[in-house]
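Me: I would like a close look at a single part of this protein. Please keep it brisk.

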Amino acid sequence: MAAEVFYDDDADLGIIQGKKVAVIGYGSQGHAHALSLRDSGVEVRIGLPEGSKSRPKAQEQGLTVGTPAEVSAWADVIMLLAPDTAQRKIYAESIAPNLTAGKALFFGHGLNIRYGLIEPPADVDVAMVAPKGPGHLVRRQYVDGKGVPCLVAVEQDASGNALALALSYAKGIGGSRAGVISTTFKEETETDLFGEQAVLCGGASALVQTGFEVLTEAGYAPEVAYFECLHELKLIVDLMYEGGIARMRYSVSDTAEYGDYTRGPRVIDERVKDEMRRILGEIQDGSFARELIAEDDAGRPNFNKYREQGAAHPIEDTGKKLRAMMSWVDRPITETA
Ligand SMILES: NC(=O)C1=CN([C@@H]2O[C@H](COP(=O)(O)OP(=O)(O)OC[C@H]3O[C@@H](n4cnc5c(N)ncnc54)[C@H](OP(=O)(O)O)[C@@H]3O)[C@@H](O)[C@H]2O)C=CC1
Ligand SMILES: CC[C@](O)(C(C)=O)C(=O)O
Ligand SMILES: [Mg+2]
Ligand SMILES: [Mg+2]
């Protein structure tokens with residue numbers, strides 16, 4: 001069944017402009033939602049623990065910051081944009097005691113609801129506005145007058161107005177300029193986890209690193225391998241983004257197109273597809289979520305090791321030197337916009 005897609009004309013910005021919105025967390029998504037809502041005329045406060053390193057960033061942007069409990073007590077709409085692994089504790093300690101009847105609890109991703117880690121009371125709205133893109137681009141697109149598409153879902157509709165409220169919120173962050181697609185917490189969570197693991201982050205990173213390794217281990221220059229396997233990927237993906245795989249194949253040479261048809265399926269073969277199915281199974285049966293939470297509860301020993309290994313991969317050093325010469329790559333994601 002085709003999903004329903006909403007655009008600017010389907011959303012009433014006035015609804016969210018009439019609410020007090022607490023954004024818990026001021027990272028990739030939090031800063032983007034908070035700044036764009038504020039610029040859309042919404043009253044926003046940020047919830048962060050005392051001593052959070054994000055506090056000065058939010059304050060420098062002129063936002064009012066309180067503890068998660070303080071801003072949850074103040075707000076009509078509470079958007080939880082802290083890391084997924086931190087959310088259940090924040091909810092239990094700071095949000096639940098202040099989540100009185102008639103308020104709305106919002107999420108940017110459905111993991112904690114999908115796997116039953118957070119169970120809100122029945123007398124509040126529970127909805128999701130999940131941008132389909134990194135937070136820094138959500139903000140950048142908003143500032144540029146564009147938008148990142150969002151998914152919207154309603155888990156509980158205590159007010160009878162939860163969808164209109166979520167669409168209004170999505171309009172406030174620029175989502176309805178691009179399209180807001182109606183879904184469920186279950187569908188968003190499972191497809192988002194699958195996409196980031198198998199294709200967008202896990203799949204793409206492994207593909208790039210492995211291609212780089214094969215070329216450099218065969219004696220080719222790391223600089224050439226970097227441009228071939230990482231830098232040019234963006235240019236190829238830009239064509240897919242604009243006009244699909246067909247547009248990319250139209251633009252590349254016939255030689256590349258022939259290699260694409262005959263060699264691509266040898267790289268991404270039935271074994272890879274079977275592995276993707278297993279990955280989807282671990283998402284659907286909850287074993288990935290349990291592993292993630294257990295890893296976080298244990299202090300992230302494996303996660304930290306993987307981070308260190310990733311940062312030490314030779315492609316990072318080569319890329320750092322090459323990007324320093326690219327004056328047009330001038331928007332490092334270290335700031336808030
Ligand atoms: N990253 C993305 O682009 C996307 C993320 N999402 C979803 O958005 C949500 C937020 O993810 P993301 O933006 O990546 O998160 P980040 O890791 O970028 O930012 C987390 C923020 O939460 C703060 N924080 C950490 N612990 C607490 C706490 N106990 N109480 C309050 N604030 C806390 C951090 O502060 P400090 O600086 O002190 O650590 C930081 O400001 C998740 O549900 C994620 O799945 C959805 C779509 C895309
Ligand atoms: C692709 C990763 C993502 O799902 C996203 C930016 O949409 C995330 O969780 O960060
Ligand atoms: Mg995503
Ligand atoms: Mg995600």
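How many residues does helix α14 have, and how far does it reach from its first C-alpha to its last?

Reply: This is a predicted model, where local features need pLDDT of at least 70, side-chain atom pairs count only at pLDDT 80 or more, and totals for chains, interfaces and linings use all residues. Residues are numbered from 1 along each chain as its sequence is written, chains are lettered from A and ligands numbered from 1 in the order written, and side-chain values use heavy atoms, without hydrogens or water.

Helix α14 has 15 residues, 270–284. (Helices are DSSP runs of H or I, at least four residues, numbered from the N terminus.) The reach of α14 is 21 Å, close to the 21 Å expected at 1.5 Å a residue. (The expected span is 1.5 Å times one less than the number of residues.)

Now look around α14. Val272, Ile279 and Ile283 are buried (under 20% relative accessible area; exposed is over 50%, partly exposed in between; 1.4 Å probe, protein chains only). These three cover an arc of only 45 degrees around the axis, so they sit on the same side of α14. (The arc uses directions from the helix axis to the C-beta atoms.) Glu270 and Arg271 are exposed on the other side of α14.

For another helix, turn to α10, residues 185–200. Asp192 and Glu196 both lie in α10, four residues apart, about one turn. Asp192 is buried, at 18%. Glu196 is partly exposed, at 30%.

Note on methods:
Helix = DSSP H or I, 4+ residues; strand = E, 2+ residues; numbered from the N terminus.
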